[in-house]
Amino acid sequence: MWTVPLLTSPVLTAGALARTDQPVIPAGDGLVLRPWREADAPAVYAAFQDPLMHRFHGRSCVSEAEAAGWIAQWRRAWAGEREPQWAVVEEGTERLLGRVALRQIELADGLAELAYWTVARARGRNVATRAAGALTHWAFEEIGFHRLELMHSTANEASCRVAAKAGFAPEGTRRKAYLHLDGWHDMHLHARVRGD
């Protein structure tokens, strides 16, 4: 196979994540990001019964068994360095408040997309902002990512506020970039680079 040599070194190499266990990341004020557990399946299923999840998320969850399957995938994603996911929980009670993840990882470019959702009872409490901020800090300072991107529907004003509060600068609009239940949505693109 013919390859073109690179003029620069990769920002991150294979194993940047998987060489250690997936960490628990404190987010402050009693909020923790932790790896998913099988016991989280009922709470994930319940979260996806919320109509707002159907409006701004591309998936539905029809049973606790399906949620358990997702969790099994999420748990394997760390070792594969594909889309590591964390449960956002209350410290002590382990009550599920949301999810935060790194997606579309390109280790050589030091690039990933940050994604999040919260359960209905957690909204308005800065849960998504704190979780996004904690994961961003970890990705930049502990791992060495160079750039994190974040996208949300232009109709999702709450997610836009989260992005801004978490320090993700607006960079533009991707027209008709994501198919939602009600059709194609324009998507706002935000980003942070290390050192912002």
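Here are some questions and answers about the predicted model shown above.

Reader: Before we start, what should I know about the numbering and the model?
Author: Residues are numbered from 1 along each chain as its sequence is written, and side-chain values use heavy atoms, with hydrogens and water left out. As this is a predicted model, local features need pLDDT of at least 70 and side-chain atom pairs count only at pLDDT 80 or more, while totals for chains, interfaces and linings use all residues.

Reader: How many helices and strands does the chain have, and in what order do the elements run?
Author: Helices (H or I, at least four residues) and strands (E, at least two) are DSSP runs, numbered from the N terminus. By that reading the chain has 5 helices and 8 strands. From the N terminus on, the order is β-β-α-α-α-β-β-β-α-β-α-β-β.

Reader: Why is the chain called as compact as a globular protein of its length?
Author: The radius of gyration is taken over C-alpha atoms, and the globule rule is 2.2 Å times the number of residues to the power 0.38. For 196 residues the rule gives 16 Å, so the chain is as compact as a globular protein of that length, with a radius of gyration close to that value, at 17 Å.

Reader: How many aromatic pairs does the structure hold?
Author: Rings of Phe, Tyr and Trp (its six-membered ring) pair if their centres lie within 6.5 Å; planes under 30 degrees apart count as stacked, over 60 as edge-to-face and the rest as tilted. Counted this way, the aromatic pairs number 8.

Reader: Why does the pair of phenylalanine 48 and tryptophan 117 tie together parts of the chain?
Author: The ring centres of phenylalanine 48 and tryptophan 117 are 5.4 Å apart and their planes lie at 85°, so the pair is edge-to-face. Phenylalanine 48 sits in the loop between α1 (41-47) and α2 (51-56) and tryptophan 117 in strand β5 (residues 111-118), so the parts tied together are 69 residues apart in sequence.

Reader: Are phenylalanine 48 and tryptophan 117 buried or exposed?
Author: Buried means under 20% relative accessible area, exposed over 50%, and partly exposed in between (1.4 Å probe, protein chains only). On that scale, both phenylalanine 48 and tryptophan 117 are buried.

Reader: Which residues do ring pairs link into a cluster?
Author: Phe48 and Trp117 both belong to the cluster.

Reader: What percentage of the residues of the chain count as buried?
Author: The chain has 196 residues. The part that counts as buried is 44%.
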